[in-house]
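Please read these notes with the model open beside you. Take the points in order and find each residue as you go.

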There are 2 protein chains.
Amino acid sequence: MQHNQKKINSELNPNVSVDCVIFGFDLEQLTVLLIDRGEISSAFGPRLALPGNLIYDNENLDMAANRVLDELTGLNNIYLEQVGAFGDPDRIHKESDREWLKSIRAEPEARVITVAYFTLVPMSNYKPQASSFAKNADWVPVNEIKELAFDHFEILQAAKEKLKQKIKIQPIGFNLLPEKFTLSQLHRLYESILDKPLDKRNFRRKIQKLDILTSLREKQRGVPHKPSLLYEFNEDKYQELTQTGFDNFGF
Amino acid sequence: MQHNQKKINSELNPNVSVDCVIFGFDLEQLTVLLIDRGEISSAFGPRLALPGNLIYDNENLDMAANRVLDELTGLNNIYLEQVGAFGDPDRIHKESDREWLKSIRAEPEARVITVAYFTLVPMSNYKPQASSFAKNADWVPVNEIKELAFDHFEILQAAKEKLKQKIKIQPIGFNLLPEKFTLSQLHRLYESILDKPLDKRNFRRKIQKLDILTSLREKQRGVPHKPSLLYEFNEDKYQELTQTGFDNFGF
DNA sequence: TAGCTTTGTGTCAATTTTACACTATCCAAA
DNA sequence: TTTGGATAGTGTAAAATTGACACAAAGCTA
């Protein structure tokens with residue numbers, strides 16, 4: 001593999017962007033980190049949008065997604081997975097979006113293909129803060145989101161679906177929880193991702209059988225009810241599992 | 001949704017391409033339709049590549065993939081699914097690939113992000129033929145492919161994986177078979193996609209339970225052994241199934 | 001100390017999965 | 001026409017998994 005073209009300066013590629021669906025879990029429900037575009041577009045359409053940006057010509061797509069994530073949250077080394085590319089020619093040309101683009105893009109009329117990612121961040125590690133491209137960012141429960149800028153709602157749907165599929169195959173949900181968590185929290189997390197109720201006892205049986213939890217000799221404190229045992233995620237077992245994979249479909 | 005920018009002429013977008021992993025099944029094994037780039041690059045690297053092309057500015061990604069597929073095979077209305085975007089800055093800058101690009105691209109040095117698709121075509125409906133961007137195209141058994149141009153081998157791996165996952169969730173395999181087929185052929189197809197042997201009786205039981213096959217009162221002819229019953233795919237049941245979905249993971 | 005809230009636990013029936021081997025049918029070759 | 005070769009087609013029993021279901025224990029609060 002040779003690199004024949006050394007890029008001294010890296011420039012924004014006006015035709016390709018990344019957008020991130022940043023999932024969090026407030027121990028109650030699944031949430032997404034959205035940016036508020038402010039008044040400028042509110043007269044015409046949704047204020048909220050997924051964080052995203054054009055890519056630089058010297059970075060690959062994963063790097064670009066990580067950069068966006070880092071700029072917004074200060075987090076890196078985060079679970080990140082590509083959802084796919086979205087490239088409708090008119091995806092950014094709704095009236096309500098054009099105004100905003102004029103204010104942030106050098107070529108607001110350019111056709112932009114976006115590559116969507118989803119990431120899982122432990123909300124406890126992060127509180128929203130201002131960033132270069134977002135004055136305001138906030139966690140919004142997934143179920144309350146009815147519309148978003150551009151085609152971001154469609155992207156969100158795709159990301160949810162991908163997460164749903166993925167969590168059936170790999171125990172990635174732990175990325176959304178604090179280091180120590182209770183089985184009830186994990187249970188609730190699965191319910192909100194799969195978007196259906198799961199029997200408590202059956203869930204516990206099944207998750208325990210995966211053998212990736214370490215039970216700590218420590219209880220919840222300060223809760224007005226029987227305190228729960230805390231658990232930790234067992235990375236070694238996880239690695240082993242991802243090797244083996246856990247297939248579902250019986251064949 | 002308003003369209004504010006009418007494009008009279010559509011131009012090639014020099015920064016975004018689509019590549020298609022066109023799967024076929026020769027009733028023995030899974031195959032992929034590859035184009036032969038010919039002598040020009042053979043001195044340096046692989047001659048074979050996935051069919052693909054730059055997108056036009058007035059078409060969306062699915063349309064572009066369909067166009068590539070149509071140009072090469074004359075087939076349209078084919079099962080098609082996005083695999084994802086591949087955007088390493090150096091993905092097309094191997095020495096062995098640059099020569100070829102010079103011969104087919106207006107801007108051979110431009111950075112190109114590609115969006116990969118996989119499609120399933122019934123091989124019986126198609127015999128390779130010349131096309132605008134490929135003098136020669138041919139079916140190659142998946143297992144025999146060791147290297148491809150650009151990052152196409154990586155794309156192929158991703159497409160195989162996606163197909164593997166997908167076939168566990170939806171009965172899409174039928175797209176690879178002729179209209180009438182035998183259970184053994186279907187069996188063999190699943191084995192070659194999942195890349196592992198499946199017990200014959202268990203497979204038959206399971207597939208029958210899906211209830212998407214119609215048994216024809218017709219037998220194979222001219223085979224030097226007990227002829228197999230022929231089956232047909234039942235579209236109505238399939239639609240019903242995709243509604244319900246068939247989940248694997250038990251939760 | 002009484003009451004509220006959530007945790008944590010077991011069993012049984014039904015279903016699904018896995019492993020496994022022999023006969024039936026057609027063609028081809030002798 | 002008989003025989004051999006090849007693949008089709010079929011059932012069962014043991015093991016594992018799933019799904020449905022209810023009540024006592026622990027801590028907090030008033």
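1. Helices (H or I, at least four residues) and strands (E, at least two) are DSSP runs, numbered from the N terminus. On that basis chain A has seven helices and 10 strands. This is a predicted model: local features need pLDDT of at least 70, side-chain atom pairs count only at pLDDT 80 or more, and totals for chains, interfaces and linings use all residues. Residues are numbered from 1 along each chain as its sequence is written, while chains are lettered from A and ligands numbered from 1 in the order in which they are written.

2. Next, burial. A residue is buried if 20 or more other C-beta atoms lie within 10 Å of its own, exposed if 12 or fewer, and partly exposed in between, with C-beta atoms placed from the backbone. Of the 251 residues in chain A, 35% are buried.

3. Now contacts. Two residues are in contact if their C-beta atoms, placed from the backbone, lie within 7 Å. Take the contacts in chain A between residues at least 6 apart in sequence: 72% of them join residues at least 24 apart.

4. Look at the core. A nonpolar core is a set of buried Ala, Val, Leu, Ile, Met, Phe, Trp, Tyr and Cys residues joined through C-beta atoms within 7 Å. The largest one has 108 residues, and A:Val21 and B:Val21 have the most contacts inside it. Beyond its neighbours within four places in sequence, A:Val21 touches several residues, including A:Val32, A:Leu50, A:Phe118 and A:Ile155.

5. Which residues of chain A have a positive phi without being glycine? A:Asn77 is one of them, at about 60°. A:Asn77 sits in the loop between α2 (61-73) and β5 (79-86) of chain A. It counts as exposed because 8 other C-beta atoms lie within 10 Å. A:Phe150 is another, with phi near 50°. A:Phe150 lies in the loop between β7 (136-141) and α4 (152-167) of chain A. A:Phe150 is buried, because 27 other C-beta atoms lie within 10 Å.

6. Turn to the strands. Two strands pair if DSSP finds at least two bridges between them. In chain A, three strands form an open antiparallel sheet in the order β8-β10-β9. Its edge strands are β8 (180-181) and β9 (213-219), each pairing on one side only. Four bridges link β9(A) to β10 (residues 229-233) of chain A. Across from A:Lys219 stands A:Leu229 in β10(A).

7. In chain B, follow strand β2 (residues 30-36). Six of its seven residues are buried. β2(B) runs antiparallel to β1 (residues 12-25) of chain B, with three bridges. B:Phe23 has B:Val32 as its bridge partner. The two strands form a hairpin with four residues between them, and B:Leu27 in the turn has a positive phi of about 75°. Six bridges join β2(B) to β7 (residues 136-141) of chain B, again antiparallel. There B:Asp36 partners B:Asn136.

8. Last, a helix pair. Helices α4 (residues 183-194) and α5 (residues 200-210) of chain B pack at about 105°, with their axes 11 Å apart; axes are lines fitted to C-alpha atoms, for helices over the stretch in contact, and angles run from 0 to 180 degrees between N-to-C directions. So α4(B) is roughly perpendicular to α5(B), the label for angles of 65 to 115 degrees. Among the residues that meet are B:Leu183 and B:Tyr190 in α4(B), and B:Phe203 and B:Ile207 in α5(B).

Definitions and conventions. Parallel < 35°, antiparallel > 145°, perpendicular 65-115°, else oblique.
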